[in-house]
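Hi,

Here is the structure I promised to pass on.

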Amino acid sequence: MYAYMGIVSRKKAEIRLALRSKLVYVSKRKLYIIRRFYFSKDSFSSKSTVNNSSVFAAFMNHIFGPVNSRRLGRSLGVDLFQEKICTLNCIYCEVGATTRLTCERAEYVPTADILREIDEFCSQPGRVEELDYVTITASGEPTLHSGFGEILAHLHRVTAKPVAVLTNGTTLSDSQVRRELLPADVVIPSLDSALPESFRRIDRAANCLDLDEIIEGLVLFSHEYAGKLWLEILFSRGINDSERDVKALRQVAGRMRIDRIQLNTVARPPLESFSRPLARERLLEIADQFRHDDPLRPVDLLATGAQQEDPEGAQQKFDLAKSADRKALLAEIVDMLKRRPCTAADINRTFHLGSSDKVEQLLAPLVKEGTVQQRFHGDRLYYQ
Ligand code: SF4
């Protein structure tokens with residue numbers, strides 16, 4: 001994502017040196033100092049009480065989670081980048097501004113580094129067992145990584161868990177990308193507008209993109225692909241939610257083979273403050289229009305339910321009475337926050353801390369020292 005913390009990709013000796021000297025790597029947005037929580041001696045001592053999986057996570061730059069995803073259950077993320085490389089610079093993006101706006105496919109980080117982290121995670125069968133999905137995503141558009149196909153194939157070799165891919169869909173006009181995506185179990189492309197003016201306003205695409213080609217790529221892929229295809233559409237009030245917009249999107253959806261349509265709106269702090277959420281009533285109206293077109297095709301509203309509390313009986317894996325476990329937990333939370341802003345309820349659903357209040361208490365020192373920041377979006381308080 002936007003944070004560059006190149007510890008993992010450095011040689012082991014450099015890592016040890018960094019650990020010894022307690023170096024702190026700060027993200028480009030100066031928000032995160034994640035590794036500092038691992039830099040205490042006890043975290044690496046053989047007597048450390050921190051659980052192995054947490055120490056493991058300290059050396060992962062491309063593997064995150066597992067997190068409880070609304071769509072995919074308990075999902076392990078594989079992030080192919082370390083900066084935001086994307087074909088779009090969407091006004092609602094949660095990651096931040098695109099640092100490299102491009103259509104060029106390249107090995108932006110070494111494929112071998114990503115494969116090695118996947119293998120390291122998969123060497124812990126207990127951790128793999130608890131997953132519902134492995135999700136390939138990126139701080140940007142994952143199919144821009146030229147090793148994408150190899151990484152997806154590798155995941156299928158080393159784990160029996162289904163693999164989902166989140167993509168903005170803009171590269172599907174490339175037949176090579178479509179071929180590489182075919183082995184995925186679930187592909188979730190997005191399309192926010194089928195009208196050039198709205199597309200330009202909401203997604204702010206790289207000059208190399210053409211909306212008609214993107215749409216043709218999506219339609220082609222939907223008929224070539226045999227796995228589950230869920231089309232996500234994110235609406236921003238006054239930007240891409242007019243009747244004309246919705247009609248054009250319904251026409252494109254009508255040409256595609258889609259298993260589910262997932263409607264979303266701005267639910268987390270967006271890149272641009274003028275990107276505002278739709279009222280729930282308007283989302284429901286739009287959902288009804290898509291349902292009218294195909295009553296058998298499910299239409300989900302992704303923007304609801306974000307504040308649900310943790311399910312009863314969920315087990316937390318950290319013992320907060322132990323200092324090393326506490327540090328490891330904080331590091332995992334900060335790692336999650338650098339990928340997306342979360343409410344206390346979101347964090348509680350992933351880490352099972354008992355309640356949102358406990359999350360707020362735990363994060364208070366990090367907020368005070370500036371490692372984590374708070375921001376209101378609508379009536380919700382987010383950590384990022
Ligand atoms: S496609 Fe995704 S990562 Fe890229 S700018 Fe849009 S929301 Fe952000």
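Let's start with helix α3 (residues 111-122) and helix α5 (residues 148-158), which pack at an angle of about 20° with their axes 11 Å apart. That angle makes α3 roughly parallel to α5; the word covers angles under 35 degrees, while over 145 is roughly antiparallel, 65 to 115 roughly perpendicular and the rest oblique. Axes here are lines fitted to C-alpha atoms, for helices over the stretch in contact, and angles run from 0 to 180 degrees between N-to-C directions. Helices (H or I, at least four residues) and strands (E, at least two) are DSSP runs, numbered from the N terminus.

Before you go further: this is a predicted model, in which local features need pLDDT of at least 70 and side-chain atom pairs count only at pLDDT 80 or more, whereas totals for chains, interfaces and linings use all residues. Residues are numbered from 1 along each chain as its sequence is written.

Back to the two helices. On the α3 side, Thr-111, Ile-114, Leu-115, Ile-118, Asp-119 and Cys-122 meet Glu-150, Ile-151, His-154, Leu-155 and Val-158 of α5, where contact means that the C-beta atoms, placed from the backbone, lie within 7 Å. By class, this contact of α3 with α5 has seven nonpolar, two polar and two charged residues. For the classes, Ala, Val, Leu, Ile, Met, Phe, Trp, Tyr, Cys and Pro count as nonpolar, Asp, Glu, Lys and Arg as charged, and the others, Gly among them, as polar.

Two other helix pairs are worth a look. Helix α9 (residues 243-255) packs against helix α10 (residues 280-293) at about 35°, their axes 11 Å apart. Val-246, Arg-250, Ala-253 and Gly-254 of α9 make the contact with Ile-286, Gln-289, Phe-290 and Asp-293 of α10. Those residues divide into four nonpolar, two polar and two charged.

Then there are helix α12 (residues 344-351) and helix α13 (residues 356-369), at an angle of about 100° and with axes 8 Å apart. They are therefore roughly perpendicular to each other. Ala-344, Ala-345, Ile-347 and Asn-348 of α12 touch Ser-356, Val-359 and Glu-360 of α13, and this contact splits into four nonpolar, two polar and one charged.

Now the sheet. Eight strands form an open, mixed sheet, in the order β1-β2-β5-β6-β7-β8-β9-β10; two strands pair if DSSP finds at least two bridges between them. Which strands stand at the edges? They are β1 (63-69) and β10 (299-301), each with a single partner strand, so one side of each has no neighbour in the sheet. Neighbouring strands are turned by 25° against each other on average, direction ignored. Inside the sheet, β2 (residues 73-79) and β5 (residues 133-137) run parallel and are joined by five bridges. Ser-75, for one, has Tyr-133 in β5 as its bridge partner.

Around it are Cys-86, Leu-88, Asn-89, Cys-90, Cys-93, Val-95, Thr-98, Gly-140, Glu-141 and Asn-168, each with its C-beta atom, placed from the backbone, within 6 Å. This shell has five nonpolar, four polar and one charged residues.

Finally, two backbone details. The peptide bond from Gly-65 to Pro-66 is cis, with omega near 5°, and Pro-66 is found in strand β1. Arg-204 has a positive phi of about 45° although it is not a glycine; look for Arg-204 in the loop between α7 (196-203) and α8 (211-224).

Cheers
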